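Please consult the sequence and the coordinates while reading.

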Amino acid sequence: MQTFNDTYTLSNGIEIPCMGFGTYNAKGGDNLAINKTAIEAGYRYFDTASLYETERVLGQAIRESGIPRKDFFIVSKLWIDERGYQEAKDAFERTLERLQMDYLDLYLIHWPRGTEGDVDWKEKDLDTWRAMEELQAAGRIRGLGLSNFLPHHLENILENCKEKPLVDQLEIHPGYTQEAAVRYCQEHDIRVQAWSPLGRSAMLENPILKPFAEKYGKSVAQICLRFLLQKGIIPLVKSSSMERMKQNQDIFDFEITKEDMYILNNMPQNTWLGEHPDFAIPKKRSNFEQ
Ligand code: A2P
């Protein structure tokens with residue numbers, strides 16, 4: 001990847017930008033203004049989800065930008081309690097209604113399983129996937145993917161699907177590289193994307209990363225993003241300021257050496273900072289907009 005506008009080709013042939021903008025939990029709450037600023041800063045790939053409650057304002061920001069829909073790459077996700085055959089179809093219609101769009105570039109299952117009571121999670125994921133495959137066959141989604149699926153969740157889909165998952169979105173940042181899951185995805189031609197590529201900003205003060213920022217004359221955030229780019233992982237970064245949005249795109253004029261990549265890949269691993277697909281499953285959404 002040489003520039004911010006470069007793309008990867010996914011396994012079904014569609015092009016995906018090498019960096020995306022995350023719309024979860026934007027600081028300050030003025031999501032409309034943040035999305036408008038992100039469009040102005042040059043972002044075209046936006047990651048949203050029914051959980052985030054940002055679909056409506058993202059759709060509005062895109063419409064008001066005057067830029068054609070086809071110039072954007074829009075990804076959304078259905079939540080844990082929207083899994084199931086009919087549930088997934090209904091969830092998809094709600095998502096498109098909120099976005100005021102007639103198709104999605106990618107649609108993902110947000111989370112592989114619910115809490116302890118969700119004993120038939122494998123079956124539910126497959127019913128969901130079947131509904132998504134039908135929506136894709138009807139031309140309403142360009143590609144299908146997963147989010148927070150580890151190898152044992154992925155295998156259930158891979159062994160039973162007609163359409164292969166194209167992407168898997170995982171929490172990844174220096175210090176939490178999830179090598180086993182990343183390797184599994186790469187072996188199966190599934191493009192990995194990183195949510196919270198800055199570790200929910202916790203990595204910005206990391207004492208191991210700071211000297212690398214000084215060495216390369218970049219910020220710690222830029223080191224984290226460049227690290228992911230060099231691993232072929234798509235960072236989905238969030239920010240509420242134009243300055244930092246731009247800074248996060250400015251990672252194409254330097255290269256982290258092979259030796260430094262080894263060091264960063266092998267720095268002490270901390271725990272997940274968000275949730276975990278098996279051990280810290282979000283219980284339920286709050287105040288969810290239908
Ligand atoms: P802000 O909105 O003030 O820019 P993550 O994506 O890992 O969850 O991290 C998101 C957090 O990182 C946001 O709170 C955002 O805050 C902050 N952030 C994003 N880009 C930068 C940057 N270049 N420098 C410092 N903080 C950043």
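Q: How many cavities of 30 Å³ or more does the structure hold?
A: This is a predicted model, in which local features need pLDDT of at least 70, side-chain atom pairs count only at pLDDT 80 or more, and totals for chains, interfaces and linings use all residues. Residues are numbered from 1 along each chain as its sequence is written, and side-chain values use heavy atoms, with hydrogens and water left out. On a 1 Å grid over the protein atoms alone, a cavity is a set of points where a 1.4 Å probe fits but cannot get out. By this criterion, the number of cavities of 30 Å³ or more is 1.

Q: What volume lies in the largest cavity?
A: The lining residues, which have an atom within 4 Å of a grid point, include Asn148, Trp195 and His276. By class, this lining has 4 nonpolar, 3 polar and 2 charged residues. A volume is the space filled by probe spheres set on the points, and for the largest cavity this is about 40 Å³.

Q: Which residues lie nearest the centre of the second largest pocket?
A: A pocket is an open set of points with protein on both sides within 12 Å along at least five of seven lines. The second largest pocket has a volume of about 430 Å³, and its lining divides into 9 nonpolar, 10 polar and 4 charged residues. Of the 23 lining residues, those nearest the centre are Tyr24, Asn25, Leu51, Tyr52 and Arg200.

Q: What percentage of the ligand's exposed area does the protein bury?
A: A backbone N or O atom lies 2.8 Å from a ligand oxygen atom in the case of Leu198, 3.1 Å in the case of Gly199 and 2.9 Å in the case of Arg200. Accessible areas come from the Shrake-Rupley method with a 1.4 Å probe. Taken alone, the ligand exposes 570 Å², and the share buried by the protein is 86%.

Q: Which helix gives the largest share of the shell around the ligand?
A: The shell divides into 4 nonpolar, 7 polar and 4 charged residues. Helices are DSSP runs (H or I, at least four residues) numbered from the N terminus. The largest share, 3 residues, comes from helix 9 (residues 242-249).

Q: Which residue forms a salt bridge with Glu93?
A: A salt bridge is a side-chain nitrogen of Lys or Arg within 4 Å of a carboxyl oxygen of Asp or Glu, and the structure holds 21 of them. In the pair with Glu93, the closest N and O atoms are 2.5 Å apart, and the partner is Arg140.

Key
Polar contact = N/O pair within 3.5 Å; in protein donor to acceptor, adjacent residues only side chain to side chain. Helix = DSSP H or I, 4+ residues; strand = E, 2+ residues; numbered from the N terminus. Nonpolar A, V, L, I, M, F, W, Y, C, P; charged D, E, K, R; others polar.
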